[in-house]
Amino acid sequence: MRIFINLFILISLSGLTIFPSIGQSDMTKPMASEKAPEETVHVHLTDHVLISGETLWLHVLVTLEGKPTPSKIVYAEILDRRGNPVKQQMIGLKEGKGDGYLEVPEQLPSDHYLLRVYTRNSPYAENPHRISHHVLSIINPQNPPRILAESKTPIRNISFKEGENRFIQLEKSSWLTSETIVMNVKPEEGSVPYFNVSVTKVFPGYFENKPYAIDDIYAPIKKDKVIVPEIYGHIIKGRLLADKVDTTETFFLSAHGTQAHLFLGKPNQNGDFFFETGAFSHFDYVVVQSSKSEEQVNFLLESPFWDQRPKAGFDLPGFSLTQEAKQFIEDRLLAHATNRYFMPEKMLPPPTVPFQFIADHSYLLDDYNRFDNMATTIREYVPSVYVRSQNRKTIFKNFNLPYNRLFQENPLILVDGMPVFDSDEFSRFNPKEIERMDIVNRYLYFQENLFQGLIALTSYNNDFGKYDLPKNALFIEYQGIQPQKNTGNLFVKNQENRRFPDFRNILLWETNRKREEDHPILFQSSDLEGDYEIRASFWNPATENWKEESRLIKVVARNE
C-alpha cells in the first residue's frame with residue numbers, strides 16, 4: 001500500500017497526465033503460433049428463408065475448451081455463390097455469447113447464399129465446429145428465381161420434428177390466430193440453465209439446408225497465420241507499404257462516427273500495426289496519419305474478415321420456387337411492410353462516452369463572443385496557452401502548470417479526436433461550428449508518446465466543424481462493432497393499440513432465457529395462418545454439445 005501511495009505522489013508531482021489505453025501485453029499482443037485456440041462457434045437463427053430487405057436475427061455462442069471464450073468479437077458474413085461477401089458485420093460477445101442481426105440488402109437477387117460466422121482466430125483451429133455455416137434462401141420478388149411447374153418433395157430444416165417433442169412441451173399443436181400460446185422448454189440434463197428459443201412462420205415448399213463440412217467448402221486452410229487475440233475488444237491491423245520500416249515512427253488512427261476516439265501505434269520490424277481499440281462501436285470511418293505529417297501515409301488497413309473464399313469445386317445448389325410459395329411470399333411482404341410501419345426497428349442509444357482526456361480547463365464557446373479564427377479565440381480567452389509567431393508561422397505553447405513554466409513545442413492538437421499537425425493552418429480555422437474546447441496544461445503521456453499539453457476541439461455534429469482533412473492523411477471507411485437494436489416490442493403483439501394490424505411472421509425471439517420450471521413461456525399468435533417452427537437451442541458443457549430441438553405448430557383462422 002505504501003508503494004502504491006508513493007508511486008501516486010511521484011506521478012502527481014511530475015506533472016504527467018497519463019492516458020489509460022489498452023497496451024499490448026504479452027497476453028494480448030499478436031503472436032505467431034503453431035496452433036490457434038480451439039474455439040467452437042454455434043449459431044441460432046430466426047429463419048433460413050428470407051425476403052430481400054428483411055432482418056435475420058442470430059444468437060452466437062463461442063466456447064473454448066467447453067467454457068465461454070474470452071474473445072470479444074465474432075464476424076458474420078453472407079457470401080453469394082461465387083464466394084463474394086454481400087453483407088459483413090462484427091458482433092460483440094460477452095462471456096462467449098452475443099446477439100446480432102443481418103439486414104438482407106434490398107437489391108440481392110433470389111438465390112441460395114452461404115452464411116458463415118467465426119472469430120478472428122477460429123478458422124485456423126482444427127475442430128469441425130470452428131466456423132458455423134448455414135445456407136440461406138433469399139427471395140427477391142423483383143428478381144425472382146426460376147418457377148417450377150411441379151412441386152418437389154418438401155424438405156424442411158433437418159432438425160424439424162412433427163408432433164410431440166420431450167424438450168418442447170405444449171398443450172396442443174393447433175392454435176387460433178391472436179391466441180395466447182403456453183409453452184415449456186426443458187433442455188436436456190446437464191445443459192446450462194439458459195436457452196434460446198424462436199418461433200417463425202415456416203416456408204411451405206422446398207429449400208436447401210443440408211449441412212456442409214468445412215473441408216467440403218474450402219481448400220486446405222493455411223495455419224501459419226498470426227494469431228490476433230481479441231480478448232479485450234477489436235484489434236485493427238494495418239501494414240506499412242514502405243520499403244524501409246522505421247519502428248520509431250508513430251501513426252495516429254482516429255475513429256469517427258457518432259463519437260470519436262484516438263489510437264496510437266508503431267510498426268514492428270515487418271511493418272505491421274496493431275491498434276487495440278477495445279469496444280470499437282458506433283464508428284463509421286477512420287483517419288490515419290503519421291507523425292511525419294509532411295509525408296503521404298503509405299499505409300494499408302487490412303480487413304478483419306477472413307479472406308479465404310470457398311474452393312472452385314464448391315457450389316451451392318440451384319434455386320427455384322413452386323406455385324405453393326406464392327402465399328408465403330405475399331404474407332412475408334405484408335408482414336415486412338406493416339411491421340416496418342407500425343413496429344419500426346429502433347437502435348439503442350449509443351453509450352455516453354466522456355472526453356478521452358482529463359482537461360485542466362474547458363470552454364463552452366457559446367458562452368463567449370465568437371471570433372473568426374482559433375488564434376484570436378485562444379489569445380483572448382485562454383490565458384494558459386500562448387500564441388506566438390515563429391518562422392512566419394503561428395504556433396501555440398501551453399503553460400506547464402506543475403512546473404510553472406512555458407512548454408517550448410506545440411501541444412497535441414485535436415479536432416473531434418483527429419490530430420492536426422499544421423498549427424499555422426489551425427490558427428486560421430473558424431470555430432463557428434465548434435461547441436467545446438479542452439486544454440491540458442501538463443505533460444500528456446499517451447502510450448509510449450509524450451506531448452507538451454493538449455488543445456482539443458469538439459464540434460456540435462462530430463463532423464470536425466468543417467475543418468479540412470489533412471492532405472497527407474488516409475480516410476478509410478471502417479465499420480465498428482454492430483450497434484444493438486431495441487427488440488423489446490418487435491416480436492410481441494401491440495397491446496396498447498389493438499387496431500394495429502398484426503402480421504408478425506416471427507412470434508417469439510428470446511435469447512439467454514433462464515430455465516424456470518414454474519414459469520412457462522407465453523407468446524401470442526398473429527393474424528397470419530400457417531405452420532410455425534418452434535426452435536430451442538442450448539449448450540451442454542458436460543458433453544460440449546450444442547443441441548437444437550424443433551417442433552411444428554399450426555395457426556388457423558378463427559370462426560367469426
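Colleague: Which residues are linked with Lys 237 in a network of salt bridges?

Modeller: Arg 239, Asp 272 and Glu 302 are linked with Lys 237 in that network. This is a predicted model, in which local features need pLDDT of at least 70 and side-chain atom pairs count only at pLDDT 80 or more, while totals for chains, interfaces and linings use all residues. Residues are numbered from 1 along each chain as its sequence is written, and side-chain values use heavy atoms, with hydrogens and water left out.

Colleague: What makes the contact of Glu 103 and Lys 485 a salt bridge?

Modeller: The term requires a side-chain nitrogen of Lys or Arg within 4 Å of a carboxyl oxygen of Asp or Glu; for Glu 103 and Lys 485 the N to O distance is 2.5 Å, so the pair qualifies.

Colleague: Why is Lys 485 called buried, and why is Glu 103 called partly exposed?

Modeller: Buried means under 20% relative accessible area, exposed over 50%, and partly exposed in between, with a 1.4 Å probe and protein chains only. Lys 485, at 8%, is therefore buried, whereas Glu 103, at 34%, is partly exposed.

Colleague: How do you know that Glu 433 and Lys 466 form a salt bridge, and why is Lys 466 called exposed?

Modeller: Their closest N and O atoms are 3.1 Å apart, so the pair meets the distance criterion, and Lys 466 counts as exposed because its relative accessibility is 52%.
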